[in-house]
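My entries follow in the order in which I looked things up.

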Amino acid sequence: MSIRTRILIILGLVALSVFYLIPRQITVRERDPATGVMIDRTERKVPLKLGLDLQGGMHLALELDQSKQVSADPKRDLELALTVLRKRIDEFGVTEPLIQKVGDDRIVVELAGITDPARAKAIVQRSAFLEFRITNETNALDKALPAMDRVLRSLGIRGDTTTKPSAVEQLLGGDSAKQAAVGDTGKKARADSGNKATADSAARDTTPVLGGVLSGLIQPSGGAPGEYVVPETAFPRVDSLINLPQVARQLPRGVALRWSAQPTSVGVQSVRYLYALDDRPIITGSNLEDAQAQLDPLTNGPIVTFQLDRAGGRKFGDETGRHVGDYMAIVLDGRVQGRPPVIQSRIGRNGQITLSGRNLQEAQDLALTLKAGALPIPLKIVEERQVGASLGADSIQKGITAGLVGTVLVILIMLGYYRVSGALAVAGLALYLLFTLGGLSMVEATLTLPGLAGLVLSIGIAVDANVLIFERIREELQHGKTVRLSVDEGFRHAMNAIVDSNVSTVLTAMFLFQFGTGPVKGFAVTLIMGIVASMITAVFVTRTFYMIWLDRRPAMATLSI
Amino acid sequence: MLRFFANAKYDFIGVRRYAYVVTAAFILPGLLFLLVKGLNYSIEFTGGTLIQIHSQKTVDVAELRAGLDRQGIHGAEIQNFGAPDEYVIRARVAKPGTDANDTQATAAAVSLALDAVLGGGTYTVERTEAVGPKVGGELRQKAFFAIFLSFFAVLAYLAYRFEWRFGLAAVMATAHDILATIAFIAVMRLEVSLTVVAAVLSMVGYSLNDTIIIFDRVRENLRKHKKMGFEDILNLAVNETLPRSVLTHGTTLATLLALIIFAGEVIRPFALVMFFGVFTGTFSSIYIASPVLMAIERRWPGALARGHLGTTPSPAPASHGRKAEPVGR
């Protein structure tokens, strides 16, 4: 191959690498999901995509959470969840989100550059299952409470399950302590209903009580039928008690218990409403057509207005028509939103949800998730990785410093040891870096923190091919061969070692790529690209440099190596 | 011209028994240490929650631990990370009573403890990693397979390019490197994360590289010096490649040193493992791969020896042809 062709090939490779490294605008033609019309979208294409660990962002792996609700068809539910997540994240507005199924049972979501991870997680995880239910009017819970307490007592669940019995109780022994406490409960319960303002302290007092645990803590609110009030301090405990299967069984069929979404202040005290509701929702969010967040003109609080589709509207109208005068609870993901309003008259397709104690952004997020549809089964986060943008920027900074220092050291070693030949190798090294980065950009690789470290390391390893060649040339020179012949033989003899050693490194890197997660994959890609580029530069580029050099000085007797 | 170890004639192979003692003296206590204390796996492999925070005030570690205990997070590791105001909290055990594969409960409890002890708003969360034990177990398995399979791939490649004897010797050397590196990781109490596994695999690649370069010389010398004894052939190959080894390891160590000093806390374990790998890789190429090759050759004298002794017609002249044929094939 003539020097001319070689130079042309090198220039071509340089031009190609530079081309891939220049940021530019590219136009993508795609179908607008809303209107179905083809539109052109211009996006800025950056040469090297940064991984989440360098750019900042969030990686989530999600699985169906079947602890509360068992999926009949997990495969289908996962596909459904994937569609719902795509819609939600589209609306959320993250640039280039990655949402994909991994294996049979997992969805991976990657959101780059998000600033509010908690909000993003809430949007991904919220089931957004909306239902409207009529509150129970038969005092089902009041009637069931004594039976529930009896079950609890037979289970040996005493007044308090969270703290250990006091030393006094232990001294008195089980029976006498129980006797004393039962009498106490009745008294406390009366005090409770009589004076809600002191219920906070009363709730604490009643905690060591044995006996009628639930009837002591759950009181009718006196408002809507089926509405009960529980001191906020007792909420977690009551919640765990009423969810015991033996206890839940005491409720009559067709009645379900649901908590309100937030605590409410009554006087100085914080309480939580508990609702007994009809088991069957009159309508669910699947009939929802549109949802919008707004500020209520009267209270200035955030509300979400919604519109049902035609079938849903008809059904909603019929049901509300039948239940005029009843109270209707709006249940979102199993929690009652606001206090149930009374149905004044037949309601059509439009309605609203009042969100107390939330801001407009939360209302917007709710509208977004409602519109995108409910998740068939809740999702749990089985893996989360999240890196702040500042930490990512810091990592890049440190990586670049290490890279510069490493490069300078390598250049010094090469120049000091091999002189002019070393300079050729350093020039080759510059091209090596250009080719590696260009190649990474060409295959649209993502640069991660380990990848960056791999790049720095590869600078040290990349000179290996040159070193092998140079040492061979030195040996040939030592055998008394001419400069030109020594260079030729040196390149030829070093070839075997270079190819064999690099192929085995590529093999290990490929296994690394296959097994690794994001950051490690980035490392493997950098390694492979680096090896390919270093072979090209050492075997082809440096050789060409030598040819030019020897061509200019045909009579060169000693080689600076 | 500046040349290190030019025309060196050290008797590397002759002193191999001392080398065995040296490596055993390192590996055995290391493995004993490993058996007693175990490896320090990162939460990626064990499952758990890691939160890195940047705190505006100094963190009282004992107080923070107590705060975590109150939230039901017991036995959390709290560590200063790089800068004095950076801390890493690792909770390997999920909050009791929660589904460990649902990673959020533990993370939430840690934030509650941080809010309570440090005060909300006085710290920023810079990094969160929460991994369920299921995901961690899968990763562990994958890492194991990756190392295992790369072994076989390299063996197959070397068997194809050289001969099975070379492949086996190289894999033995690699096994030594992995053992030595694991001993190093155990003694240094380095955290075994995905990046460290990546470092181990890269180290394997690097060490193989070194072994292959010596073997390449052995292959060549077998053809060139047909009268020479096998031990001398090995010694010659090691000595001839010595300048190259010094130079390449020098530049590699230079970049690794830059990484260890400047690249930050996350990359340091990776760079340390590679740094150690350069030494063990060089050592094993000379003192494991070569003697093992010699032992195999003595035990099963075959094609390689015949080629060497010239009982089969020698292949093309040694100085030509980019693709030298494996001897005796």
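This is a predicted model: local features need pLDDT of at least 70, side-chain atom pairs count only at pLDDT 80 or more; totals for chains, interfaces and linings use all residues.

Entry 1: I then took Glu384(A) and asked which residue is its bridge partner in E5(B). The partner is Ala130(B).

Entry 2: the contact between the chains. I noted that chain B gives 62 residues to the contact and chain A gives 60 residues. On the side of chain B that touches chain A, at least two residues each come from strand E5 (123-131), helix H5 (133-161), H7, helix H9 (242-262) and H10. H9(B) gives the most to this side, with 13 residues. By type, the residues of this side of chain B are 34 nonpolar, 17 polar and 11 charged.

Entry 3: two helices of chain B. I next examined helix H7 (residues 194-224) and helix H10 (residues 268-299), both of chain B, whose axes come within 8 Å. The axes cross at roughly 30°. Angles under 35 degrees count as roughly parallel, and H7(B) and H10(B) are therefore roughly parallel to each other. Their crossing is right-handed.

Entry 4: residues between these helices. I listed residues of H7(B) that meet H10(B), among them Ala198(B), Met203(B), Tyr206(B) and Asp210(B). On the side of H10(B), the residues include Phe270(B), Val273(B), Gly277(B) and Ser284(B). I recorded that the residues of this contact of H7(B) with H10(B) divide into 13 nonpolar, 10 polar and 1 charged.

Notes
Residues are numbered from 1 along each chain as its sequence is written. Chains are lettered from A and ligands numbered from 1 in the order in which they are written. Axes are lines fitted to C-alpha atoms, for helices over the stretch in contact, and angles run from 0 to 180 degrees between N-to-C directions. Helices (H or I, at least four residues) and strands (E, at least two) are DSSP runs, numbered from the N terminus. Angles under 35 degrees count as roughly parallel, over 145 as roughly antiparallel, 65 to 115 as roughly perpendicular and the rest as oblique. A crossing is left-handed if the near helix is turned anticlockwise from the far one by less than a right angle, and right-handed if clockwise. Two residues are in contact if their C-beta atoms, placed from the backbone, lie within 7 Å. Ala, Val, Leu, Ile, Met, Phe, Trp, Tyr, Cys and Pro count as nonpolar, Asp, Glu, Lys and Arg as charged, and the others, Gly among them, as polar. Two strands pair if DSSP finds at least two bridges between them.
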